[in-house]
Amino acid sequence: MRTIADLKKDLVFNREMNELMDILKKTATFEFQSLFNRRKMQTVQEKYVASLEDLLKIFSSGAEHPFLTNPPEKVILVVITSDMGFVGGLNTEVVDMGLREIRKKDELHLLALGEKGYLQLEEKGYKFEFLPGMGPDMNFSLAEKVRDYIYASCWKYKIGRVIISYPKFISFAHQEIATEVLVPCGHLFKSDETDASALPPEAVKPVNAPRVRTKFLFEPSPQKVLDYLLKMYLAYKIYDICWQAKLSEFAARSMHLDGSMQELTEMKKGIQSQYFRSKHEITDRTIRDIFGGRMVTLRKLRNA
């Protein structure tokens, strides 16, 4: 049985750990709220990505690009994890979900963002490239570095498929592990076609109506314009995914720390129960010893 001194030390340790967890939880919650408020103000970014998609659908008509023609068996997997702990099993699930998307015949190239992804892949014995995770400052340069790695690999290694695995932000209490295919991006090379049967009669042009053709002048060349637009699109798409991953990270950390505090509270109840039981047993034993000693002394006095 543990001594009362050991139980008292455990109570002190439990209290100190609870205070530390409370500080970490409040910090994570504050960082989440700050990041969430910043994200709400960035409505222009979503419109910008949509505009880039529309431009690509217009300017890429009939174009051929390695993002469409490269063999899909050559794959880049990007896993977006955190640089800090206390997020539960979120990082492990991100890595495992991404690896499940890889087939046996695929030629795999791995890129890990975040120290936890580095540790996970190293433990599993994979070869990979590494970049530090996105910090709370949400620097756009990291998205550009990932974009440049993907773009260069698509040309150098003939990569035909790019998959990103990341924690998708749903709400403060709900995050999902998602995988998204960035390449091939055939949906960006197709113009939207509207079904004429779904339009009202007055909106359908007569058959003999003159057709208007728009000519575009590309400078310096259509291929370079297309490459530039694709680079911009990929960078902002990756940046949006990094935002979701960072929001999920802070939310998961806060929820995990809250769960740890609840576990510490339950542990404290058990330690307190053992402490007071031991203390009562010592008190009872002391009282019995005193009473027994008193009775022996009185018996000796009577017999004297």
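Student: Is Cys 154 buried or exposed?

Tutor: This is a predicted model. A residue counts as buried when its relative accessible area is under 20%. Cys 154 has a relative accessible area of 1%, so Cys 154 is buried.

Student: And what about Cys 242, buried or exposed?

Tutor: Apply the cut-off again. Cys 242 stands at 2% relative accessibility, so Cys 242 counts as buried.

Student: How many disulfides does the structure hold?

Tutor: A disulfide needs a pair of cysteine sulfur atoms within 2.5 Å. The structure holds zero disulfides.

Student: What share of the chain is buried?

Tutor: The chain has 304 residues, and 36% of them count as buried.

Student: Now the surface. What does the accessible surface of the chain come to?

Tutor: About 18,800 Å². Carbon and sulfur atoms account for 56% of that surface.

Student: Which residues make a nonpolar surface patch?

Tutor: Tyr 118, Leu 119 and Phe 130 make one of about 240 Å². Patch residues need over 30% relative accessible area. Phe 130 has 36%, so Phe 130 is partly exposed.

Student: Where does Phe 130 lie?

Tutor: In strand β3, which covers residues 129-131.

Student: How many helices and strands does the chain have?

Tutor: Seven helices and five strands. Along the sequence, their pattern is α-α-α-β-α-β-α-β-α-β-β-α.

Student: What share of the contacts joins residues 24 or more positions apart?

Tutor: Take the contacts in the chain with a separation of 6 or more. Residues 24 or more positions apart make up 78% of them.

Note on methods: Residues are numbered from 1 along each chain as its sequence is written. This is a predicted model: local features need pLDDT of at least 70, side-chain atom pairs count only at pLDDT 80 or more; totals for chains, interfaces and linings use all residues. Side-chain values use heavy atoms; hydrogens and water are left out. Helices (H or I, at least four residues) and strands (E, at least two) are DSSP runs, numbered from the N terminus. Buried means under 20% relative accessible area, exposed over 50%, partly exposed in between (1.4 Å probe, protein chains only). Contact means heavy atoms within 4.5 Å. Accessible areas come from the Shrake-Rupley method with a 1.4 Å probe; for residues, only the protein chains shown count as cover. Patches are made of residues with over 30% relative accessible area and no salt bridge: like charges are joined within 9 Å, nonpolar side chains (Val, Leu, Ile, Met, Phe, Trp, Tyr) within 5 Å. A salt bridge is a side-chain nitrogen of Lys or Arg within 4 Å of a carboxyl oxygen of Asp or Glu.
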